[in-house]
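Colleague: I am new to this structure. Can you walk me through how to read a sheet here?

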Amino acid sequence: MAQPNPFATTMENTSATGAVQGFHGVRYQVADVARAVEFYTHHLGFALKHQQLPAFANVSLGDASILLSGPGASGSRPMPDGRPQQPGGWNRVVLRVNNLPALIDALKKAGLHFRNHMEVGPGGRQIQLEDPDGNPIELFESAR
């Protein structure tokens, strides 16, 4: 007999059911929005959807958006306990790529910084690239 899905039961019992309409994007904190826009559009092929320099920009790749919040953006304000929102961390955007070794070589020649060396596993290979503010982007090539 199939086990009940606890997530489905939880969602049925919350007032948020139906309130979440879709995925809006991933927010990255950056020190310089214009510099971040240049990085994502020039090196990774994102399109600029919207910007309000120097505080904010939205770049997209297909249906995925990265919201770039500079020091003056509402999405960058300190938390109520005073903790600042800062770039970096380990959560990351994962971009599906072709020919990862060649892409790594091209990005290294452009002077970009990687956190690690290419890793290979049963599902494929990946590496972590950093944007100019230290936010990680994983470049992933499927084994299939």
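Colleague: How do strands of a sheet pair?

Modeller: Strands of a sheet pair through backbone hydrogen bonds, either parallel or antiparallel. Here, take two positions in β3. Asparagine 58 is the bridge partner of histidine 50. Serine 60 stands opposite alanine 47.

Colleague: How many residues lie between β2 and β3?

Modeller: There are 3, and the two strands form a hairpin.

Colleague: What is the order of the strands in the sheet?

Modeller: The order is β1-β4-β3-β2. These 4 strands make an open sheet with mixed pairing. At the edges are β1 (26–29) and β2, and each pairs on one side only. On average, neighbouring strands are turned by 20° against each other, direction ignored.

Colleague: Which helix packs on the sheet?

Modeller: Helix α2 (residues 33–44) does. Helix α2 touches β1, β2, β3 and β4 (64–69). The direction of α2 makes about 10° with that of β3.

Colleague: Where is confidence lowest, and where is it highest?

Modeller: First, the general rule. Where pLDDT is low, the predicted coordinates should not be read in detail. In this protein, helix α1 (residues 6–12) has the lowest confidence, at a mean of 48. The highest is in α2, at 98.

Colleague: What does the protein average?

Modeller: The average pLDDT is 89. Of the residues, 88% score at least 70.

Definitions and conventions:
Residues are numbered from 1 along each chain as its sequence is written. This is a predicted model: local features need pLDDT of at least 70, side-chain atom pairs count only at pLDDT 80 or more; totals for chains, interfaces and linings use all residues. Side-chain values use heavy atoms; hydrogens and water are left out. Two strands pair if DSSP finds at least two bridges between them. Axes are lines fitted to C-alpha atoms, for helices over the stretch in contact, and angles run from 0 to 180 degrees between N-to-C directions. Contact means heavy atoms within 4.5 Å. pLDDT is the predictor's confidence in each residue, from 0 to 100.
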